[in-house]
Amino acid sequence: MMRRPDTAEVLGAVRRGGWTLGIYLVLLGLVIYTWILNSRYGLDTLAMAALPLAFAAAGQAVVVISGGIDLSVGAMMALTSVTAAVLMKNAGEEVAVVVVALVLLLGIAVGAVNGTLAVITRVPDIVVTLAMSYVWAGTALLVLDRPGGGAAEWVQDVVKGDLLDLVPRATVILALVVGIAWVPLRRSRLGLSLYALGSHPLAAFRSGVPVQRTKVASYAICGFFAAAGGLALTATTGIGTPTTGDYTLKAVAAIVLGGVSLAGGRGGILGPIAAAYVLAIIRADLVFMGVDPNYSTMIQGGIMVLVVMVAGYLELRRRRR
Amino acid sequence: MTDLLLEATGVVKTYGAVNALREASLAVRPGEIHALLGANGAGKSTLVKILTGAVRPDAGTITLRGQPCQVRSPAEARASGMVSVYQEPALIPDLAVRDNLRLTGTPIEPFRAWVAELGITTLDLRALARDLPLPTLRILDLARALAIAPDVLLLDEITAALPADLSERVMDVVGRQREGGRSVIFISHRLIEVAALCDRATVLRDGQTVGVLDITEGSENEIVRLMLGPAANGLAAPGGPREPAVASAALPAATAVPAPDASTPRLEVRGLRAGRKLQDVTFDLRAGEVLGVAGLEGQGQDELFAILSGDDRPDEGELRVDGVPMRFRHPADAIAAGLVLIPADRMQALLLQRSVRENIALPAVAPVRRWGPIAMRGEGRRVQGAIQQLQIDTRAGAEVRRLSGGNQQKVTIARWIAGGVRTLLCFDPTRGIDVGTKREIYHLLRELASGGAAILLYTSELEEIQLACDRAVVIYGGRVVDEIPAAEANEARLLRAAHGLRRGAIA
């Protein structure tokens, strides 16, 4: 049993991670294509534009992997975005550090409320989070009833431009947040519990997973990423935006494209993040190509359906063998 | 008594109107293998769930090593030295074996040792649990439990669906738990195993402990008597294969459709091939007979039944129903041709959240009315007829998932009987079902056969072939390797053939 991985095992690993690998290849292809199409359009702009969605997708992925779904991601982003903008406006540059930390904590708390309600009431997650999305959206409007507020200079600079003229800063930030917040977690017992809960709740319970706590944790993590997304919104636009509902369903689209099973238990967050970028690039490319915006949304939808069908077909073939 | 390791007394649990446990008790001594027996619905599963903390009792006390003990979750039970291996493996399908071990904090080295001890020589800890076959998963689940050296090990039908060789290794390992004062609570419907392995037995009936006995020569009869209770003892007499067939004269004529022509087989299977699992299967199934299919795990029987029930398509070969060639593209085609499936896994057949009545009425082989609203009264009459014929306990009938396993299996059969049955494909219909219900089911199959139905019966318990079938085909490596009349189909002959041996010693 203790031996070095042979070819079959390497192939197995590639097969398991194949979807994620594929989506990164697609992303690479699209980046090159975009560069050929319009070399003046910088990658940094694109990375910035896709940053909020990438965070939203990461959060949604965690919840869906754990067997739930969070329809309040967009509303949580709005709430955290305006909170950050209001607190940062007229505040010193140093205070902004505290604001960023506070807003991330707010996201965790808001997410935990979602999860706790779902656990206590035993109402299906989709219903609880749909209802809570109105609560958080309303709260966001109370904080700031129209786009406004501000963002500290360094917060705006941190996502702007390229690092060493090479990698977009927005991508670096994303990699840092994911690297610090998710990678260690994924390898911890909590990470395993998240997958266990989504894969087979009864078996998870019987394996000693604290089912309810794990579920609350999954929503809290989602809240954290939603807050990161809200901060990204404020940072990239320089103001707070109280209505961002669109992000919820785009995040769901991104996780499906990114290889997360809506049935739970399968996938990761790197795939969805890449998928968020793919969606953003496709959108930008269609604009460059002068496609009517109405057609462009139809094309995006068509691509989604096609991809999901291919995924389903691959899964079917894998099982048959 | 302080020399008991685990004691449960006066345990009561009610679910709504159903008393799952009325007055259950269980006393386990250190270093004994204790059988927990009872018909389906007697309350075994509920008692196990209470002992392992998955369910909380309404009343009763549980003491472990003389100390009152209240576990609230499987994790707490594990911490206090009680580990359970359930009927369905508790490994997380989407996690690698190694991660499953990390999840439960199981030490890897002892786990490896137990896996090897239990007869699995190659295991990649990086394999996802969902990619492993069911018997392997059960072994891994058991090894994971053994690896933390529990004082009390609860085994719920551990040998069900295990091939014979693995079963033997498991029994051997379980028997050796006695050393060092460890105890095992052993739940099984295979009384032969209980007799071979266990020291004492507690028998439950209707949620009550009705007897505790030492296992000695011939205690099987006593156990069966206790399990069935005074009312059902007529069924307990171990009848030969022919005996139920005589009783079938009383069968209502409408239940089975007579064969059009006795000379044409109801079902002809010729050279069936599909994928790698099914190579070449040929046999005839005639109206009025029960044909047994015997085989070890994974010899192509799953694929055979999937094709016959229209769930899968063959690569090659021919199917004829009443002499007419058939190509099923969908289970509906098979059902229309009169081929209906009773799967081993009841979850595949039933709508768990719906009522007994809806479940029985759903397939509607011969609909009460083709279009428009359902004729409720006609449907109700048919459903009632089927319920009575199978003696289904419908007290919890508003939702099928609340019925006991045996009752659920009866519902899966009743679904087809309500509309009249021509060809019944039974795939291990008695898996995990108690002796009493098993006998009822075999009795029913004989009745249906003598009423003109054709029945194909796969069973994982070889001794049952002789009980229910007229003849048997043995499947090995995707081929039919032998055909044996019931009179000669004893376990030894079947086992030899099932291992691919024409003669010689049992492998």
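The model is predicted, so local features need pLDDT of at least 70 and side-chain atom pairs count only at pLDDT 80 or more, while totals for chains, interfaces and linings use all residues. Residues are numbered from 1 along each chain as its sequence is written, and chains are lettered from A, with ligands numbered from 1, in the order in which they are written.

**Chain A overall**
- Chain A has 15 helices and two strands; these are DSSP runs (helices H or I, at least four residues; strands E, at least two), numbered from the N terminus.
- Its radius of gyration is 20 Å, close to the 20 Å from the globule rule for 321 residues, so chain A is as compact as a globular protein of that length. The radius is taken over C-alpha atoms, and the rule is 2.2 Å times the number of residues to the power 0.38.
- Along the principal axes, the C-alpha atoms of chain A fill a box of roughly 60 × 50 × 40 Å.
- Of the 321 residues in chain A, 48% are buried, meaning that 20 or more other C-beta atoms, placed from the backbone, lie within 10 Å of a residue's own.

**Where the chains meet**
- On chain B, 16 residues are in contact with 17 residues of chain A (contact means C-beta atoms, placed from the backbone, within 7 Å).
- Both α2 (74-79) and α3 (97-104) of chain B supply at least two residues of the side that touches chain A, and α3(B) gives the most, with four residues.
- That side of chain B has ten nonpolar, one polar and five charged residues. Here Ala, Val, Leu, Ile, Met, Phe, Trp, Tyr, Cys and Pro count as nonpolar, Asp, Glu, Lys and Arg as charged, and the others, Gly among them, as polar.

**Nonpolar cores**
- The largest core has 173 residues, and Ala54(A), Ala57(A), Ala276(A) and Phe186(B) touch the most other members. A core is a set of buried Ala, Val, Leu, Ile, Met, Phe, Trp, Tyr and Cys residues joined through C-beta atoms within 7 Å.
- Helix α3 (residues 43-65) of chain A gives the most to this core, with 16 residues.
- Leaving out residues up to four places away in sequence, the residues that Phe186(B) touches include Ile33(B), Leu155(B) and Val194(B).

**Domains of chain B**
- Chain B splits into domain 1 (6-231) and domain 2 (243-338 + 421-498), with bounds from an automatic or database domain assignment.
- Over C-alpha atoms, the centres of these two domains of chain B are 33 Å apart.
- Their contact takes 15 residues from domain 1 and twelve residues from domain 2.

How values were computed:
Two residues are in contact if their C-beta atoms, placed from the backbone, lie within 7 Å. A residue is buried if 20 or more other C-beta atoms lie within 10 Å of its own, exposed if 12 or fewer, and partly exposed in between; C-beta atoms are placed from the backbone.
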